[in-house]
Amino acid sequence: MMKVVPILVLLFIFALSNVLTKENMIIKKNRKLVFNDLNNVFSYNPGDNVTSFSVPTLQWPNGNTGGMFKYIPVNSNEQYTNSLIIHAWNIESAFYSDFWNHDLYIKELLIHSPNDTDYLFLYYENENVENDEIYKYMFKQLSKQVNSLGYENNWAERLFVSSSSVEQLTNFLPELLNEWEDVLNQVAVFPENTSQNTTYKRLDGRWPNIQGMTQLLPPGNYSVANFGDGCDLSNVQNVTNRIALISRDNITNNETCSYVQKILHAQKRGAVGVVVYSNKDEPLIDMNCHGLECDIPPQIPACMIQWDAGQIVLSLLDQNETIIMQFIDTPTSGFNIGIDTISQLQELGYLMFPSGKFFAWPAQYFNYMKSYYQNLNRLKTAPDAINIPIFTNLTMDGNEYTNVTIPNGGSLEFAKWGDAFLDLSLDCTGPKDSSCPAWDRILTLKMCCDYTQGENDTNIHNVCGQEVGRWITPFGRRVGRWLTNVTDILPLFSTNGLLETDPQYSSLQCTFSISCGTTEPWVPTVSLRLANKKKINNTLPFQITPLFEGGTFNSNYNNRSAYNFFVPSNVSKVELYSVITGHGSDNNGCGEFCVTSHHFNFNNITTYNRTFSNAGTPEGCSRETFTGVIPNEYGTWLYGRDGWCDGRNVFSWKEDVSSSIYLNKNNTVSYYGWFQGHTPDPTQSPGYIVMASYAIFYN
């Protein structure tokens, strides 16, 4: 150990001189804020109302001190203000240093953020760097990208850089950040048989294409071997059950020597993980796959450390030292806070990689929630508005739950309502994301109506047990709330699909059931909101006919008969209404990630088609946050799905098919589903389609 001390000292001094542009290499201290008042227990939860606060800031456009950011909260969900994203940079974090050191990532924040979102950038003190070096660097990086995009007028009054450290602030933010802790991804390096180690930043590869170190490796000591640049598979260096140390040299974005190829070469030689060290004078990179290589990701984890750290490890290996690495995630004070448009605290979720889009997407979602509150207030204040609770704070455990919600349904005269919405909020057993189930599930609401006094049922169609709403739960997040328009399917509030207004039907009793097919404890609250009752009902739906359901998406999927139904002469419009989602994964990625098309043909006159072209796209669902997709989930939420997105209600597909309908006659409708223009024919593990479809008559 004594032989390498001079090398350590020299490289340590060199790293400090370039701490911001090259990132602080050696971490002396992993800081969580400590408060003097140890008896004061703070508790901040998402949904808590925010009080006024202020932060001293730099001034645009010159970056001088003397500015002041002041936050003034609104007092109700009928008043709105700009949402606020707060980020506190700890330069010991490789992840967020990657954000601040890359022009593209900062540009993506500016490009994708709504025009009514503010940003407040804070920083933590570091014993190796003066405070003004940190905040001036943040301001320089922001202003450079604002100017390069020509966004000066858009952002000058919405970007705020604090001139005081988190430790110096006298408001509640330090306490909140301390409570909403995060982690620093690090690697500890030391010669075998010693207890003295040096800890470096590490930046894990971009999940899910490249797994992070602690995602796959259990805690423990791992010996290290030099694997050169990793480009030559003829490298005979023994890395079996070791960490392969690889240089970033000769990187190309093709299959010649990409990051993935380096990792795969080490994997073939038996390595249990890969540590890539960056090029000299270059920041860390969140390694990713490119093109077709993303289809076969490595099975071992990988991360990047700084060039200087790599040189130290190489020097130790050259001296025939057995070098050990430990991969640790060290708790530290938090990095991110959201304040939504009604001045409530919100978590920002999981940032998958260091792009500014992961700040912009929550801002887009806050705007969605603003529109949700506006629509909800319109429903509440509309004429004749009523709210019928169905389930309230129901903790699910895998069973199907039922509730007799409407004991006297006929008196509501469902045929006359102009607006009917399901209002569903999805929560977890605790106040934060950490209490939420991990997986995305299908949450389904069904209903069945019957008469309690034995009236004669004409049995036109049996609509008992039909679906009225479908949602997909998010990966481990708890902020979802959606309004789903069910006005078109109000005829389901009957025993036979035919809404009646005669007083004898006042004894109609409707029962709802909800399920999500898992024992994970989601906590839904759902109600039916009705408004705008009509005195005459000649523009509203009065009859519904169930059509086709889905099934296993294989070569037998389209082996189904056409359906015949009669359309009365008093019908003014016929509408095709369907809710379709694909799930599972065969050899083609069907049905979750493949593009499927769905076709309804009426009377051999017209075929109505719907193609889910968003399926499988890299950021297909992240582009939908403004429609209610919960952002920054703890899973692969970004990718487009087949007719759905994680963390949102499933949208219906509606078509006016009146031009293809014969009145006062029998009509025929056929349906088929395709993959790549043909009936699906998977070779293994076929997926499945979940579908509810109806023909709806308006009189």
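Reply: Cysteine 231 and cysteine 257 form a disulfide, with 1.7 Å between their sulfur atoms. Keep in mind that this is a predicted model. The link of cysteine 231 and cysteine 257 is left-handed, with -65° about the S-S bond. Where do the two cysteines sit? Cysteine 231 is in the loop between β9 (222–226) and β10 (243–247), and cysteine 257 is in the loop between β10 and α9 (259–268), so the bond ties together parts that are 26 residues apart in sequence. Cysteine 257 has 3% relative accessibility and counts as buried, because the cut-off for buried is under 20%.

In general, a disulfide is a covalent bond between the sulfur atoms of two cysteines. How many does this structure hold? It holds seven.

Take cysteine 289 and cysteine 294 next. Their sulfur atoms are 1.9 Å apart, and the two form a disulfide. The torsion about the S-S bond of this pair is about 105°, so the disulfide is right-handed. Are its two ends buried or exposed, or in between? Cysteine 289 is buried, at a relative accessible area of 5%. Cysteine 294 is partly exposed, at 25% relative accessibility.

Cysteine 428 is buried, with a relative accessible area of 7%. Cysteine 436 is buried as well, with 12%.

Two further cysteines deserve a glance. Cysteine 303 counts as buried, at 0% relative accessibility. Cysteine 516 counts as buried too, at 6%.

Now turn to a sheet. Four strands make an open sheet in the order β25-β31-β27-β28, and their pairing is antiparallel. Which strands stand at the edges? They are β25 (563–567) and β28 (606–611). Each has a single partner strand, so one side of each is left without a neighbour in the sheet. On average, neighbouring strands of this sheet are turned by 25° against each other, direction ignored.

As a general point, strands of a sheet pair through backbone hydrogen bonds, either parallel or antiparallel. Look at one pairing in this sheet. Strand β27 (residues 596–602) and β28 run antiparallel, and six bridges join them.

Last, a pair of helices. Two packed helices are described by the angle between their axes and the distance between the axes. The axes of helix α4 (residues 103–112) and helix α11 (residues 357–381) come within 7 Å, crossing at roughly 15°. The cut-off for roughly parallel is under 35 degrees, so α4 and α11 are roughly parallel to each other. α4 passes α11 in a right-handed crossing. Which residues make the contact? From α4 come Glu108, Leu109 and His112. From α11 come Lys357, Phe359, Ala360 and Gln364.

Methods: Residues are numbered from 1 along each chain as its sequence is written. This is a predicted model: local features need pLDDT of at least 70, side-chain atom pairs count only at pLDDT 80 or more; totals for chains, interfaces and linings use all residues. Side-chain values use heavy atoms; hydrogens and water are left out. A disulfide is a pair of cysteine sulfur atoms within 2.5 Å. Buried means under 20% relative accessible area, exposed over 50%, partly exposed in between (1.4 Å probe, protein chains only). Two strands pair if DSSP finds at least two bridges between them. Axes are lines fitted to C-alpha atoms, for helices over the stretch in contact, and angles run from 0 to 180 degrees between N-to-C directions. Angles under 35 degrees count as roughly parallel, over 145 as roughly antiparallel, 65 to 115 as roughly perpendicular and the rest as oblique. A crossing is left-handed if the near helix is turned anticlockwise from the far one by less than a right angle, and right-handed if clockwise. Contact means heavy atoms within 4.5 Å.
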